[in-house]
Structures are given as C-alpha cells and as structure tokens.
Amino acid sequence: MASDSSAVRTYLHPGAVPFYLIHLGAIVGVFVVGFSWVGLLAAIGLYYGRMFFVTAGYHRYFAHRSFKTSRPFQFLLALGGTTAAQKGPLWWAAHHRVHHKYSDQPEDLHSPVQRGFWWSHVGWILDPQYAATDTDRIRDFARYPELRFLNRYPHLPAAALAVTLFAVGGWHLFVWGFLVSTVLLWHGTFTINSLAHVFGSRRYDTTDTSRNNALLALITMGEGWHNNHHHYQRSASQGFRWYEFDMSYVILRGLQAVGVVSGVGKPPAHVITGERAPQKRARRPSAGALAAPAARAGDLHAAGEIASRARAPEIGGERPASVGVAREAA
Ligand SMILES: [Zn+2]
Ligand SMILES: [Zn+2]
C-alpha cells in the first residue's frame with residue numbers, strides 16, 4: 001500500500017492534470033453537447049480504430065515483434081498508437097517488456113498482485129518516476145529517428161486528432177470523438193494491466209497471474225486472452241482456439257493477405273495444447289535413447305517457445321525453476 005506522500009507524488013502533479021481534465025471534460029461535455037448517433041458512432045469508431053494501433057502496433061509489433069512489416073507501415077502503426085494518448089511507442093513497448101520479464105514479481109511495474117488494483121490500472125502510468133523511456137530495452141526500434149521523434153512528442157498526433165474533430169464537427173464531435181472515446185480507450189487498455197491479472201480463467205500454468213477473459217477480449221480487440229499471451233508471447237494471435245475471438249488478429253490477417261504485413265500466424269499446435277515441443281530425432285541415437293529426455297526447460301525458454309510451467313503430469317510433478325520466467329521479448 002502506498003503511503004500518503006507517495007500517493008501524492010504519483011497522482012497529484014502537473015503532468016497528471018491533462019489526464020484529469022480529459023475525464024472531467026468527457027463527463028461534463030456529454031451533458032453540455034447532448035447525445036447524437038453521430039457522436040456515439042464517432043466515439044466507438046475512434047475507440048476501436050485507435051485500439052487496433054495500441055494492440056497490433058504498440059503491443060504485438062513494437063513490444064513483441066510478433067509480425068513483420070515495412071518501415072512506412074511501422075511508422076503508421078506508431079503514429080496511430082500515439083493518437084491514443086498513451087505516451088510514445090518506445091516508452092510503451094519498453095515498459096511492456098519489463099512487465100513480461102518480471103510478471104507479478106516485485107520488479108513488475110503494474111502488477112495488481114504486488115501493488116494493488118488502482119496502481120496497476122492508472123498509478124504506474126501517472127507516476128513521474130516511470131516517465132522516461134529505457135531505450136536499452138527497445139534498441140531494436142530506437143534506432144529509427146522517426147520513431148524517436150514520435151516518442152519524444154507523443155502528444156502531437158493526439159492533439160492533431162482533437163483539433164481536426166473540432167474543426168469538422170465542433171464541440172459535439174470533439175466531446176464524443178475525442179474526450180469520451182479517449183477516456184474509454186484509456187480504461188479499456190488499462191484493464192489488461194489490472195483486471196486481466198485478476199478475473200478470468202487460467203488455461204496455462206504461467207508463473208504470473210494472467211487470465212483469459214472473453215469480455216476483456218471484446219473490449220480490447222483480443223488482448224483479453226492474456227493468459228494465452230503470457231504463455232506464448234511471440235504470437236500475433238492471442239485467441240488460440242477458434243472460439244477465442246481476436247479482432248486485431250483478424251485485421252492483421254487481412255493486412256497480410258494484401259501484403260502489408262507478414263509473419264502473422266497462430267502458435268504451433270503443441271504450444272496451444274500446452275505440451276512440450278516435439279523432440280527432434282537424435283543424431284547419434286544410443287542404446288538408451290529410446291525415450292529421449294524432454295527438452296530442457298532452459299532450451300524452451302531460450303527459444304521463446306513457451307513461457308508456462310510445464311504441466312505437472314508431463315514432467316512428473318516437478319516444476320523446472322527456469323521455465324515460466326517469461327523471456328524478454330526482444
Ligand atoms: Zn505482451
Ligand atoms: Zn500481463
């Protein structure tokens with residue numbers, strides 16, 4: 001539990017003022033400008049439109065490199081992500097890599113288990129202590145000057161969106177399309193850091209508290225299959241079974257079909273079933289090698305194959321300590 005002074009440091013500082021003002025503006029604004037279907041559609045369209053850039057861009061591309069694309073489309077993913085007003089792509093992805101490296105351990109920046117729901121939901125993102133980008137964690141993308149620019153001035157695209165909406169549709173479109181949509185987008189995204197580690201089911205015995213939650217998956221275009229994701233981070237698909245709807249994956253498949261992105265796919269079958277990787281044939285089989293030893297946990301880990309503890313029946317009830325410490329996705 002944070003002390004009063006640290007709570008003040010986290011939540012009450014000049015940098016947090018826009019966050020509160022946008023909330024206030026959204027709540028007061030809808031009463032002032034009133035309801036319209038156009039306004040509601042703008043809010044929903046800009047919610048899901050920008051959510052795609054957060055989940056497919058910031059998360060699946062920049063943090064996990066789960067698919068490939070060209071430099072121009074990479075820039076577009078970053079630009080779209082910044083319109084969500086969730087800081088820059090390098091900041092976002094670098095912090096997310098820390099989350100996977102230390103999931104639900106003391107070093108995890110937004111673990112509800114370690115520091116409570118509210119901290120994991122908004123505290124860590126408001127706390128000035130975590131405002132800097134650790135470029136060492138995101139060197140693979142920090143080498144692009146256009147990404148560094150967006151990361152340095154992440155408010156510009158969001159502000160440009162707000163101004164455009166005002167220019168096109170006055171206060172009405174500004175309130176619904178920007179203020180309401182942005183507040184919902186913030187909290188929709190933040191549920192994955194908070195609720196997706198609290199409510200839902202756990203298919204895979206990962207070393208963290210990640211859950212699969214269908215409602216959160218609908219809100220976040222597939223990110224709610226969070227236990228799947230912690231189990232196998234490098235997949236562009238987070239819904240592993242046919243009934244696990246993952247809208248971002250559907251769109252990415254469409255973009256792959258027209259040649260904009262590549263490498264978009266489902267995890268290997270053994271990952272989905274939670275089994276170990278199939279054994280490769282030994283080069284020089286010895287007499288005692290009929291039952292090949294299971295691949296060492298560290299091998300799987302190093303290969304990024306699987307980030308869950310192996311299931312107990314498959315390894316005689318023992319849990320190798322090194323499996324489940326999620327690899328840093330780089
Ligand atoms: Zn992730
Ligand atoms: Zn997580």
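Two residues are in contact if their C-beta atoms, placed from the backbone, lie within 7 Å. By that test, Arg50, Phe53, Val54, Ala56, Gly57, Tyr58 and Tyr61 of helix 3 meet Leu77, Ala78, Gly80 and Gly81 of helix 4. The model is a predicted one.

**Overall make-up**

The chain holds 15 helices and 2 strands. Of its 330 residues, 44% are buried. Take the contacts between residues at least 6 apart in sequence: 65% of them join residues at least 24 apart.

Helix 3 spans residues 37-63.

| Pair | Angle | Axis separation | Handedness |
|---|---|---|---|
| Helix 3 and helix 10 | about 40 degrees | 8 Å | right-handed |
| Helix 3 and helix 5 | roughly 60 degrees | within 9 Å | right-handed |
| Helix 3 and helix 4 | about 125 degrees | 8 Å | left-handed |

Start with helix 10, residues 155-193. Helix 3 and helix 10 pack at about 40 degrees, which makes helix 3 oblique to helix 10. Helix 3 contributes Gly39, Leu40, Ala42, Ala43, Leu46, Tyr47, Arg50, Met51 and Val54 to the contact. Helix 10 answers with His172, Leu173, Trp176, Gly177, Val180, Ser181, Leu184, Leu185, Gly188 and Thr189. By class, the residues of this contact are 12 nonpolar, 6 polar and 1 charged.

Next comes helix 5, residues 89-101. Its axis and that of helix 3 cross at roughly 60 degrees, so the two helices are oblique to each other. Tyr58, His59, Phe62 and Ala63 of helix 3 meet Pro89, Trp92, Ala93, His96 and Arg97 of helix 5. This contact has 6 nonpolar, 2 polar and 1 charged residues.

Helix 4 covers residues 71-82. Helix 3 and helix 4 pack at about 125 degrees, and they are therefore oblique to each other. Their contact residues divide into 7 nonpolar, 3 polar and 1 charged.

Tyr58 takes part in the contact with helix 5 and in the contact with helix 4. Arg50 and Val54 touch helix 10 and also belong to the contact with helix 4.

**The cores**

In soluble globular proteins, nonpolar side chains tend to be buried together. Here the largest nonpolar core has 45 residues. Those with the most contacts inside it are Tyr58, Leu90, Ala93, Phe174, Leu179 and Leu252. At least two residues of this core come from each of helix 3, helix 4, helix 5, helix 9 (145-152), helix 10 and helix 13 (247-257). A second, separate core has 8 residues, including Leu195, Ala196, Ala217 and Trp225.

Which residues does Phe174 touch, once its neighbours within four places in sequence are left aside? They are Ala162, Leu165, Phe166 and Leu179. Leu179 is itself among the residues with the most contacts inside the largest core.

**Met51**

Met51 lies in helix 3. This residue counts as buried because 24 C-beta neighbours lie inside 10 Å. Leaving aside neighbours within four places in sequence, Met51 is in contact with Leu185, Gly188, Thr220 and Met221. Leu185 and Gly188 are also listed in the contact of helix 3 with helix 10. Met51 and Ser248 are 197 residues apart along the chain, yet their C-alpha atoms are separated by 8.8 Å.

Most residues other than glycine have a negative phi. Ala85 sits in the loop between helix 4 and helix 5.

Asp104 also has a positive phi, near 60 degrees. Its place is the loop between helix 5 and helix 6 (112-115).

Ala85 is buried, because 22 other C-beta atoms lie within 10 Å. Asp104 is buried too, with 20 other C-beta atoms within 10 Å.

Methods: Residues are numbered from 1 along each chain as its sequence is written. Chains are lettered from A and ligands numbered from 1 in the order in which they are written. This is a predicted model: local features need pLDDT of at least 70, side-chain atom pairs count only at pLDDT 80 or more; totals for chains, interfaces and linings use all residues. A nonpolar core is a set of buried Ala, Val, Leu, Ile, Met, Phe, Trp, Tyr and Cys residues joined through C-beta atoms within 7 Å. A residue is buried if 20 or more other C-beta atoms lie within 10 Å of its own, exposed if 12 or fewer, and partly exposed in between; C-beta atoms are placed from the backbone. Helices (H or I, at least four residues) and strands (E, at least two) are DSSP runs, numbered from the N terminus. Axes are lines fitted to C-alpha atoms, for helices over the stretch in contact, and angles run from 0 to 180 degrees between N-to-C directions. Angles under 35 degrees count as roughly parallel, over 145 as roughly antiparallel, 65 to 115 as roughly perpendicular and the rest as oblique. A crossing is left-handed if the near helix is turned anticlockwise from the far one by less than a right angle, and right-handed if clockwise. Ala, Val, Leu, Ile, Met, Phe, Trp, Tyr, Cys and Pro count as nonpolar, Asp, Glu, Lys and Arg as charged, and the others, Gly among them, as polar.
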